Amino acid sequence: MNLISFYKSSLNSLFRGLLSLIYKENCCICGCSKDDSILCKTCAKDVQMLSAFVHSKISGVEIYSVFIYKNIVRTLIHKLKFDHKKAVARVFALFLFDFFNKILENTEQSKINKINLQNTVIVPIPTNKKNIQKRGYNNVYEIASEFAKIANLKLCPDLLTKIRDTKPQFKLNKEARKSNVEGCFQVNKKIYNNETIILIDDIITTGSTIYEAIGAFQKEDINNIICITISKAV
Ligand SMILES: [Zn+2]
């Protein structure tokens, strides 16, 4: 970086810092700025978390979802995914943390209670490189990373990688979704140290993507997994 671009970038950050002192963050649902948050307290009251029990199983792995994919949750997912509202990731991570603690409380239902939290890693479902370039970030990674910080758990995004690009799943029917993601993930076993894996995704619809991700782990004989998605489509 030369001196001129250094000054330019310093001025830019100074300018952004000053702006944030003047302008509060607006709620991306109702537009108010009273709570200086991307989701104000009033709108937050309108989102209902699901019960923190096992919702389904895929290849023997427990699947949980924090919300139903509708109304405000649907809008928030779209804001994070398509509208550059990166701050939504932290909002979801806070809900996820609350939900995760409820899973831990449900001692009889979940095998997570037998899991040593010191030996647990958070793994976001990877997305296409093209999407990351377009958005400037990976929406699921952002949620997982914020969640890991709040829950004080280790984030391990390199454990699961995408080895080829896939089409957007929402455009496809159930059968096409399955073949679209078939074999698209790979596990980097070299960096795996017998941790319990908490797989994170934003939405589960037919479950094809999660089925493939779980399959990639099980192929490497890794079975200590649970999966939490922010939402589930009904
Ligand atoms: Zn609001």
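Reader: Which element gives the largest share of the lining of the second largest pocket?
Author: Strand 5, with three residues. This is a predicted model, by the way.

Reader: Which elements give two or more residues there?
Author: Helix 5 and strand 5, residues 160-162.

Reader: How many residues line the second largest pocket, and which lie nearest its centre?
Author: The lining has 16 residues. Nearest the centre are Pro126, Thr127, Ile132, Thr161 and Lys162.

Reader: And its volume?
Author: About 220 Å³ for the second largest pocket.

Reader: How does that lining divide by class?
Author: Seven residues are nonpolar, four are polar and five are charged.

Reader: Back to Thr127. Where does Thr127 lie?
Author: In the loop between strand 3, residues 120-124, and helix 5.

Reader: What is Thr127 in contact with, leaving aside neighbours within four places in sequence?
Author: Ile132, Asn138 and Lys162. Ile132 and Lys162 are also among the residues nearest the centre of the second largest pocket.

Reader: How far is Thr127 from Phe185, C-alpha to C-alpha?
Author: The separation is 10.0 Å. Along the chain, Thr127 and Phe185 are 58 residues apart.

Reader: Now the largest pocket. What volume?
Author: About 950 Å³. Its lining takes in 37 residues. Closest to the centre are Lys81, Asn131, Pro168, Gln169 and Phe170.

Reader: Which elements each supply at least two residues of that lining?
Author: Helix 3, helix 5 (129-135), helix 6 (139-151), helix 7 (174-181), strand 7 (196-204) and helix 8 (208-219).

Reader: How do strand 2 and strand 8 run, parallel or antiparallel?
Author: Parallel. Six bridges join strand 2, residues 61-68, to strand 8, residues 225-232.

Reader: What about helix 3 and helix 4? At what angle do the axes cross?
Author: Roughly 135°, and the axes come within 9 Å. Helix 3 covers residues 71-82 and helix 4 covers residues 88-105.

Reader: Which residues make the contact?
Author: From helix 3, Val73, Leu76, Ile77, Lys79 and Leu80. From helix 4, Val88, Ala89 and Phe92. Seven of the contact residues are nonpolar, none is polar and one is charged.

Technical notes. Residues are numbered from 1 along each chain as its sequence is written. This is a predicted model: local features need pLDDT of at least 70, side-chain atom pairs count only at pLDDT 80 or more; totals for chains, interfaces and linings use all residues. Side-chain values use heavy atoms; hydrogens and water are left out. Axes are lines fitted to C-alpha atoms, for helices over the stretch in contact, and angles run from 0 to 180 degrees between N-to-C directions. Helices (H or I, at least four residues) and strands (E, at least two) are DSSP runs, numbered from the N terminus. Contact means heavy atoms within 4.5 Å. Ala, Val, Leu, Ile, Met, Phe, Trp, Tyr, Cys and Pro count as nonpolar, Asp, Glu, Lys and Arg as charged, and the others, Gly among them, as polar. On a 1 Å grid over the protein atoms alone, a cavity is a set of points where a 1.4 Å probe fits but cannot get out, and a pocket is an open set with protein on both sides within 12 Å along at least five of seven lines; lining residues have an atom within 4 Å of a point. Grid points are joined across faces, edges and corners, and a volume is the space filled by probe spheres set on the points. Two strands pair if DSSP finds at least two bridges between them.
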